[in-house]
Amino acid sequence: MPIQRMPAAEVPVSVELVRRLLDEQHPDLADLPVEVLANGWDNLVCRLGAEFLVRLPRRAMAAELVAHEQRWLSELADRLPLPVPAPVRVGRPTAQYPWSWSVVPFLPGQIAARSAPDDLWSAAAALGGFLAALHAPAPAGAPVNRFRGIPLAGRAEGVLTGLTHVDPADRDAALRIWEAARAAPAWDGPPLWLHGDLHPANILVDRGKISAVIDFGDITCGDPATDLSVAWMLFTAEQRAVLQQAYGRADDATWERSRGWALVLSLVFLTHSADNPLMRDIGERTLRTVLE
């Protein structure tokens, strides 16, 4: 399967830049130690002392996502049953850096992709409850994402291209699953708030339990099946039933679409992982689960 590398940063980002921005805009934080935690597709993420992280967009597309977090996440945080990294400080563009940036709380734990919960049944219930709380009707001004929360038909071209690179022994089964998901009745309710990028690298586990949900840069609204696809990324069939019960309102059509979304995202992860073995592992595991 052809795979792509992480996009290059469109502006130079570094610990030194973080220190300069803090000194100019949040001088009360400027003396805290700064160290790189992750340099990902969208953001440079730095640990700032013991309590904070700095999220600095590394490309224009990511800057728009940070703005969505800054606008909406604080409003959602209070009604969610798990912690989320709502910004505690906002940084503004300067002559040396063109975009807004954020200081967010440091949330302890390891990502579920590296440290699975001790009790996956309890984790499924916790995640189902979180999504039930998050998936409320979104206001008219909520972000719209042309790739997530949309009808599955909008992802058909990418799926069919991706399937040409799947092992031929699995291709027919995957195509049948895709066609069944596309044939399921479309979401006909109001657009609901969505995380938009919910997978095991955006879920934290601390002391064996799901402790937080992070990285809301793709926050959007639409079909809840997009987020419910996480059930196929972490859990067995029996555990998925626990998540579905805790969620409480996923009918058969929504559940069928969620399987389709899991196939969509598994192919995305697999084709964008040349320098990201963590996401490739998530893609491989998800594809295997979808095909079971």
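Arginine 207 sits in the loop between β8, residues 203-206, and β9, residues 209-213. Please bear in mind that we are looking at a predicted model. How exposed is arginine 207? Its relative accessibility is 80%, and because the cut-off for exposed is over 50%, arginine 207 counts as exposed. The backbone of this residue also deserves a remark. The phi angle of arginine 207 is near 55 degrees, which is a positive value in a residue other than glycine.

As for accessibility, aspartate 215 stands at 25%. Buried requires under 20% and exposed requires over 50%, with partly exposed in between, so aspartate 215 counts as partly exposed.

I turn now from the loops to a strand. Valine 36 belongs to strand β1, which runs over residues 34-39. With a relative accessibility of 44%, valine 36 counts as partly exposed. Which residues does valine 36 touch, once its neighbours within four places in sequence are left aside? Its contacts are Val15, Leu44, Val45 and Cys46.

Finally, I would like to consider one distance. Valine 36 and alanine 174 are separated by 138 residues in sequence. In space, from C-alpha to C-alpha, valine 36 and alanine 174 are 39 Å apart.

How values were computed: Residues numbered from 1 in each chain as written. Predicted model: local features only at pLDDT ≥ 70, side-chain atom pairs only at ≥ 80, totals over all residues. Heavy atoms only, no water. Helix = DSSP H or I, 4+ residues; strand = E, 2+ residues; numbered from the N terminus. Buried < 20%, exposed > 50% of the residue type's maximum accessible area, 1.4 Å probe, protein only. Contact = heavy atoms within 4.5 Å.
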